[in-house]
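Morning, everyone. Please have a look at the model on the screen. I'll keep this brief.

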Amino acid sequence: MSDNQNAAEVASDTRVPDRDVLIRQAVADTGLDDFGDAWMLENLAALIPILNSEAQLTATGVEGAKTMIHTALVNRLRHVDLVKRHPEILEEQVDVAAVVVGLPRTGSTMLHRMLSSAPGMTGVKWWEAQNYAPFPDETVGDPALRREAAKAYLDYFLEHAPGLMSIHPMSIDQSDEELIILGQMFSSTMIEGMYHVPSYARWLVENSRTRCYPDLKEVLQSLQWQDKSRKNARWVLKTPGHLMALDGVLDTFPEAKIVMTHRDPVSTVPSYCSMMATLYGMASTIDKVSIAKFWENRLAELLGLFMRMREKTGDDAFVDVRYEDLVSDPIDEGKRVLAETGVAVTPEIVAGMEEWIEANRREDRAPHEYSMEEFALEEEQIKEKFSEYRTAYLGKDRQA
């Protein structure tokens, strides 16, 4: 090993190592070296210096970032290898019925899981998102080892962030956000949702908003090929991060309806800041006021991108869901959304949604407690920052 390589390895004790160090480790651990179209490595090159200069990572945070990057690179290598060995994966017809894109804390998770749990529908499972490519020597159709790894990771996650279940309940078999997959391409808002990296959020908007979507489609083709029970199923995708690149979503999944969940940012912004404080606390020393300053502006930016894209494309591709309507009558809202996506709403589908709702009601979760004051947020300031959105989609602030 050269002196430069030794220096990089030593530096990795207190900093996230250089990209090439991490690539070499992933190649050595897998015995594979083909990343396919290597665009994602450009994103990684931009990310690492920002992690080291801006994220205020603790030692635990540095180790977590190294693990996250290593997992991402290994998954990419294994996925590219799988497609090379099984080119029929690229013949899979992925039918995306709906892409749920509301801001966090707007009921989007509830809607997504309810819809994707219905017969004939499907979504990315949490365990799949963690390792979307099969482990070595894994038998196709028997992902027991990946499920076991996901369970261990979730247990670790909840041990170190015990309040998270009251904010965003998770289990390895529930549908979850493909954001996790996109994050392993160092794209979308997953990275900024794990680490305080405002400069990287800006870099993504300006340099790499849409490049991940053809790759996401290929991963969905692979997941569908791996799980034969998904044959002829219709996908329901979901993540607020898609708001950053709705043009990429529509170009890649032109058959899909964009489902936008709406709730007053006065309620959602403080709640989401609380969630981010919980997540960032696992890896960094960022204070709550800094968290709120970034996310208040970032969520406003995402809504602005949504409104500009909707003005450009028109309303036909969109379905609007108000949080109050979803909470008061989730089944009726689910039926309406599915009908607008062209899904025939059968009694079996309704029963599947009702079963999910009933199971969700039985969950025993502690209340999510937070206050505006702890984040130095002010109601009038939120109203002003989100006034255009509140007027257009919530019928508020019209007097202004």
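Ground rules. This is a predicted model, with local features needing pLDDT of at least 70 and side-chain atom pairs pLDDT 80 or more, while totals for chains, interfaces and linings use all residues. Residues are numbered from 1 along each chain as its sequence is written, and side-chain values use heavy atoms, without hydrogens and water.

Helix packing. Two packed helices are described by the angle between their axes and the distance between the axes. Take α3, residues 39-54, and α11, residues 198-207. Helices here are DSSP runs of H or I, at least four residues, numbered from the N terminus. The angle is about 160°, and the axes lie 8 Å apart. Axes are lines fitted to C-alpha atoms over the stretch in contact, and angles run from 0 to 180 degrees between N-to-C directions. So α3 and α11 are roughly antiparallel, a label for angles over 145 degrees. The crossing is right-handed, meaning the near helix is turned clockwise from the far one by less than a right angle.

Who touches whom? Contact means heavy atoms within 4.5 Å. From α3 come Glu 42, Asn 43, Ala 46, Leu 47, Ile 50 and Glu 54. From α11 come Pro 198, Ser 199, Tyr 200, Trp 203 and Leu 204. That contact divides into seven nonpolar, two polar and two charged residues. Nonpolar covers Ala, Val, Leu, Ile, Met, Phe, Trp, Tyr, Cys and Pro; charged is Asp, Glu, Lys and Arg; the others, Gly among them, are polar.

Next pair. α15 (288-313) packs on α20 (387-394) at about 50°, axes 10 Å apart. That makes α15 oblique to α20. Leu 303, Phe 306, Met 307, Arg 308, Arg 310 and Glu 311 of α15 meet Glu 388, Tyr 389 and Tyr 393 of α20.

Now the voids. On a 1 Å grid over the protein atoms alone, a cavity is a set of points where a 1.4 Å probe fits but cannot get out; a pocket is an open set with protein on both sides within 12 Å along at least five of seven lines; lining residues have an atom within 4 Å of a point. A volume is the space filled by probe spheres set on the points, which are joined across faces, edges and corners.

The second largest pocket has about 290 Å³. Of its 20 lining residues, Trp 127, Glu 128, Asp 227, Ser 229 and Arg 230 are closest to the centre. Seven are nonpolar, five polar and eight charged in that lining.

Last, the largest cavity: about 30 Å³. Its lining is Ser 188, Arg 209, Cys 212, Tyr 213, Gly 241, Met 244 and Ala 245.

Notes. Helix = DSSP H or I, 4+ residues; strand = E, 2+ residues; numbered from the N terminus. Parallel < 35°, antiparallel > 145°, perpendicular 65-115°, else oblique.
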